[in-house]
Amino acid sequence: MDWHSDGPHTGQDANWDGKGGSPPYVVCVFIPLIDLDPEVGFTQFWPKSHHYSQLIGFGPAACIIGAAVDGVIPAGGCVMYDYRLMHRGMPNRSRATLRPLIQLLYHKPSYKEKRNYAGKSISKIPNQVQLPVEPRELPHAGEQDLA
């Protein structure tokens, strides 16, 4: 699959030091129900690419410059990322194994998903759950931090 971001870049890009960009409007969480590995495939991420709209179309550069991170994770683990983060699905070489996963989107009340999923949810959970406080940016955990 080609490099892409699930959501459009809106607001302000960060400076080249990573500061000053618009906060996330959607956070995606996915939980694989089987181990994701090179045999069944996984998602590859370009950390911090969500800060810069100018990187759209330059996904292949992530591998060339050593910026790609393989989302090889065990069943029940999870990956959380900004909806603008560039990523791609790696091929399933097993031929017989599907890659079931649970995907959750947490978004600002003003955001309406129109680009993916045909605007439909399969859950009976209300579309919007109000948070008791405004979301805030969390400190970075380290070099492998995808947010």
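In what follows, Ala, Val, Leu, Ile, Met, Phe, Trp, Tyr, Cys and Pro count as nonpolar, Asp, Glu, Lys and Arg as charged, and the others, Gly among them, as polar. By these classes, the lining of the second largest pocket divides into seven nonpolar, five polar and three charged residues. This is a predicted model, in which local features need pLDDT of at least 70, side-chain atom pairs count only at pLDDT 80 or more, and totals for chains, interfaces and linings use all residues. Residues are numbered from 1 along each chain as its sequence is written, and side-chain values use heavy atoms, with hydrogens and water left out.

The protein chain has one helix and six strands, which follow the pattern β-β-α-β-β-β-β along the sequence; helices (H or I, at least four residues) and strands (E, at least two) are DSSP runs, numbered from the N terminus.

On a 1 Å grid over the protein atoms alone, a cavity is a set of points where a 1.4 Å probe fits but cannot get out, whereas a pocket is an open set with protein on both sides within 12 Å along at least five of seven lines; lining residues have an atom within 4 Å of a point. Grid points are joined across faces, edges and corners, and a volume is the space filled by probe spheres set on the points.

| Space | Volume |
|---|---|
| Second largest pocket | about 370 Å³ |
| Largest cavity | about 40 Å³ |

Of the 15 residues that line the second largest pocket, F30, T43, H87, L101 and Q103 are the closest to its centre. Two elements, β5 (87-89) and β6 (101-107), each give two or more residues to this lining, and the largest share, three residues, comes from β5.

The structure holds one cavity of 30 Å³ or more. The lining of the largest cavity has no nonpolar, seven polar and two charged residues, and R84 is one of them.

R84 also forms a salt bridge with D82, with the closest N and O atoms 2.7 Å apart; a salt bridge is a side-chain nitrogen of Lys or Arg within 4 Å of a carboxyl oxygen of Asp or Glu. Both R84 and D82 are buried, where buried means under 20% relative accessible area, exposed over 50%, and partly exposed in between (1.4 Å probe, protein chains only). Buried residues make up 35% of the 147 residues in the protein chain.

In strand β6 lies L104, which counts as partly exposed because its relative accessibility is 32%.
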